[in-house]
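Here are my notes for someone opening this one for the first time. Have a look at the picture, then go through the points in order.

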Amino acid sequence: MTFDEAKLHILNRAQTRGIGAEVVGQRQRELTARAHTGRLEQLTQAVQGGVGVRVVVGGRVGYAYSEELSPAALDWMLDEAIENASLQREATGFLPAGSSLGRQDLVGDAFAAPLEAKVQAALGFEGTLREDARVKQVMLAAYSERVWDVSVASTEGADGSYRRGIAGMGGSIVMQEGTSLKQGWDRRWVTDLGMLDPGRTALEFTERTGRLLGARPLATGRYPAYFEPRAFAHLLFAFWSMWSGKAVMEGKSRLAGRLGERVAAPIVTLIDDPTISGGLGTRPFDAEGVATRPQTLVEDGVLRGFLTNSETARALDLENTGHASRNYRGTLSVAPSNLYVRAGTGFKPKRGVIITEVTGVHAGASAITGQFSLQALGLWVEGGEVAYPVENFAVAGDFLTLLQNISGLGDALEWELVWGGVACGAPLVGVAELSFAGA
Amino acid sequence: MLSDTLVADILSRGRAAGADLAELYVERWKRRNLRVLNGEAKEATSGLEYGAGLRLFYGTEIAYGYTNDLTAEGLRELAATLTARRGQTGRVDAKGRGGLDFRRSTAQGLHDPEVPFETHPKRYRLERLLEAESAARVAPEITQVESHLAEWEQETLVCNSEGAWVEDRRVRTRLNVNAIAQDGPQMQTGVAVRGLSVGLELLDRFPPAALGRQAGEQAIRNLRARPAPAGTMPVVLGNGFGGVIFHEAVGHLLETTSVAKKASVLSDMLGEEVASPVVTYIDDGTTPHGWGSSEFDDEGARTERTVLIENGVLRSYMVDRWGALLTGYRPTGSGRRQDYTFAPTSRMRNTFITPGTVSVERLFDGIEFGLYAKEFRGGQVKPGSGEYNFGVQEAYVIRNGRVEEAVRGAMLVGKGPETLKRVVAVASDLETAPGMCGSLSGSLPVEVGQPHVLVSEIVVGGEI
């Protein structure tokens, strides 16, 4: 069965049984070419996908999904979803009224190039990485592209699909100078092949990792901190759910009930904009078929909004911002798209630590408590100049306190694809003082 | 799941295109998840995942593709895509012409569940999760309790052009309980997790109420705790999930994924002393009902018990098929993948530090000031530099050999090879705990384990 046939099959069965149903379908195409020592090492080509259903039976909600699109599998899926719904006691669930959304193609011929050209991109990228004498090993060097066909349809009239995609160069290198070893993991994603420059990206990678060679221990202390844009993007993603309507609804956000209050320094404005042309997280409508639009979360330091879907908007008495997320295997949630801290007027670090990278974010940061303690790498700055790289330390603090203490914002925004369909952007972010644990 | 004729046909297409080895991996998952929040079933979901991955070896070059169209046409199209770049250059020997004589190996049921999922209705699960809920509410400050039950049933088939036909079945159950304690603007969390290769007997072996209480009490302790101290100090690591330190600091450094490319600081060191002599480190894919156990790996090789480090000396790496091809090391049944959308790589299974002889109490003797890290979150490592980190969820200050006030968790950071040499003593109370590990071949169930362990110095990422 094709996705369209599967969708009709499910919606027809649901209508016959008198229940509400919403189907999301996803079909993903992957191409990855990995190069090693001047040769193609691994080529992955694939198509994969499935359908997921959310049913509402007398106000009770259940979910199920299937990657097998046979009538038997789809009927199993619907039966399971209905049984799952019967576990709910509360009967307040609903599907939003939908509309016809048509078919939108955000990809076009953005990735139209022969396979051989893409393999050459991987080989060129890997070759340039190896040109730097300090590169001891290239552990991974790849060209990768992914294109998703996403569809939503419901018994409430939602019906639409879109196609989005990304391509990028990425990998990992081990660099050595004397006894000092550093491993860099890096990637650059774009929405159009024309924006890729394998050679230049490779030089950026070796520059970013190479500058950390010869790092010295950092003495434990409190210092001014300057997060490079991509490091701050990862930190922002660790804490974005403080602005999730779902987290607010479930008592997991310290920002709950604080709309209109000052939660950050006055220079801070935080926006999620799913409509940015060419954005890595751009999408025309959300997982419930609600058209997307930009949403300001913090404006000049003041809390202005949360990201919502139909369920959280109703529960919190807020507008639905069109941030529903659900892939076919998942359940209804809320997610950002292109989430960014607006660039400022620029500043120059004087003394303290430039944090070039934070790692272990999944284990060392909690959006519920707001606290973080993260392994980091960086550069010590003295008298406005980078003095030497520093290592083997952790930086700790409270994210809401950090927001209040932001002392400067750089004038250039950089983006990082942090997870699935979410991109986070930030300029250089200066923080008055943070706690550093080291030697 | 597929007929021999179709499998043989697909494999022979790979061989005809010049591949030295063609491997087809087919799997079907049935998964169920239930999340209960504050007494209400928030989301219940069920799923079928079904797909195949075809891998062709041309020397050490790999072509990999996957699909969930498992019809003859779908699989032939996959084979055609993968071989297109090569053309039909290979010679097909008699074995590869479609008449493959498969040697069948099927699972013996070593990790089969005692209480299969169909034994109990869904409402039974809800009722058991509600036990966690009420037990977690140990104090009025507990504002939110969330419990989550995951049930996985996975059937796998691995066939290759050498004639292997291997069927395995893996059943896993995992229960998480999370509690949030709140006092004004302050919020803290408590967590308890158990998971094994079992069915619903998990809920009898680890009663949800006990996990609930553990999560609730931990959240309250964290609410009243001060931030952890900052700096370099001696650390006593708790047993069970404390083993995450070795998973990060050494485990990943011993996978051929990094070792084969000499992108691990522990490459080319077999027979050398890489750790303190009190450290013996084992990766065992055969532990009965272990969270990371299976009878076969995802390349069709039997799993085994691999001694990685014995009394401080490096004895073996974790080796998958491709890793063996690149390094010449003996394969260890360590080829694993999240699902058919990933080509396998070498990965950990159930990895633990063997018990020592010291009593737990003795570990604290003589520590003037240090940290007792009792419960943990996950971590991360860069094998090429050995720089690792892992998060602590529950901790206490050690003063003059005594465990004193609770402090909030912090990240511990270090360099793997240095930390391995700084292991001073290993106690005798080995325990294991389930985790999810992310790497090149996706996110996988792995067990970590250790007795209480004393490390002479680690950077504790607290606050000053």
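1. Start with D429(B), which sits in the loop between β19 (423-426) and β20 (431-439) of chain B. Keep in mind that this is a predicted model. Is D429(B) buried, partly exposed or exposed? The count gives 15 C-beta neighbours inside 10 Å, so D429(B) goes down as partly exposed; to be buried, a residue would need 20 or more. Leaving aside neighbours within four places in sequence, D429(B) is in contact with N239(B), V360(B), P451(B) and H452(B). N38(B), for its part, is 391 residues from D429(B) in sequence, and the two C-alpha atoms are 35 Å apart in space.

2. Six strands of chain B form an open sheet, and they run in the order β11-β10-β9-β14-β21-β20 with mixed pairing. Which strands are at the edges? They are β11 (313-314) and β20 of chain B, each of which pairs on one side only. Further in, strand β14 (residues 350-353) of chain B pairs with strand β21 (residues 442-450) of chain B in the parallel sense, over three bridges. If you want one pair to find on screen, take N350(B), whose bridge partner in β21(B) is E447(B).

3. Now the whole of chain B. Its secondary structure comes to 10 helices and 22 strands. The radius of gyration is 24 Å, close to the 23 Å that the globule rule gives for 464 residues, so chain B is as compact as a globular protein of that length. Along its principal axes, the C-alpha trace of chain B spans about 75 × 55 × 35 Å. Of the 464 residues, 61% count as buried. Take the contacts in chain B with a separation of 6 or more: 76% of them are between residues 24 or more positions apart.

4. Chain A has nine helices and 22 strands. A compact globule of 439 residues would have a radius of gyration near 22 Å, and the 24 Å of chain A agrees with that. The C-alpha trace of chain A spans about 70 × 55 × 35 Å along its principal axes, and 58% of the 439 residues count as buried. For contacts in chain A with a separation of 6 or more, residues 24 or more positions apart account for 71%.

5. Next, a helix pair in chain A. Two packed helices are described by the angle between their axes and the distance between the axes. Here the axes of helix α3 (residues 115-131) of chain A and helix α4 (residues 198-210) of chain A come within 8 Å and cross at roughly 35 degrees. The crossing of α3(A) and α4(A) is right-handed. On the α3(A) side, A121(A), G124(A), F125(A), T128(A) and L129(A) make the contact; the residues from α4(A) include P198(A), G199(A), L203(A) and F205(A). What kinds of residue meet there? The contact of α3(A) with α4(A) has seven nonpolar residues, five polar and no charged.

6. Then there's the place where the chains meet. How many residues does each chain bring? Chain A gives 62 residues to the contact and chain B gives 65. Strand β2 (residues 39-57) of chain A supplies 11 residues, the largest share of the side of chain A that touches chain B. That side of chain A divides into 23 nonpolar, 25 polar and 14 charged residues. There is strand pairing across the two chains as well: β2(A) and strand β3 (residues 61-67) of chain B pair in the parallel sense over five bridges. Within that pairing, Q42(A) has I62(B) as its bridge partner in β3(B).

7. Last, two backbone details to check. D317(A), in the loop between α7 (310-316) and β13 (324-325) of chain A, has a phi near 55 degrees, a positive value in a residue other than glycine. With 6 other C-beta atoms within 10 Å, D317(A) is exposed. In chain B, D268(B) also has a positive phi near 55 degrees. D268(B) is found in the loop between α7 (256-259) and β9 (281-284) of chain B, and D268(B) is exposed, with 10 other C-beta atoms within 10 Å.

Notes:
Residues are numbered from 1 along each chain as its sequence is written. Chains are lettered from A and ligands numbered from 1 in the order in which they are written. This is a predicted model: local features need pLDDT of at least 70, side-chain atom pairs count only at pLDDT 80 or more; totals for chains, interfaces and linings use all residues. Two residues are in contact if their C-beta atoms, placed from the backbone, lie within 7 Å. Helices (H or I, at least four residues) and strands (E, at least two) are DSSP runs, numbered from the N terminus. Ala, Val, Leu, Ile, Met, Phe, Trp, Tyr, Cys and Pro count as nonpolar, Asp, Glu, Lys and Arg as charged, and the others, Gly among them, as polar. Two strands pair if DSSP finds at least two bridges between them. Axes are lines fitted to C-alpha atoms, for helices over the stretch in contact, and angles run from 0 to 180 degrees between N-to-C directions. A crossing is left-handed if the near helix is turned anticlockwise from the far one by less than a right angle, and right-handed if clockwise. The radius of gyration is taken over C-alpha atoms; the globule rule is 2.2 Å times the number of residues to the power 0.38. A residue is buried if 20 or more other C-beta atoms lie within 10 Å of its own, exposed if 12 or fewer, and partly exposed in between; C-beta atoms are placed from the backbone.
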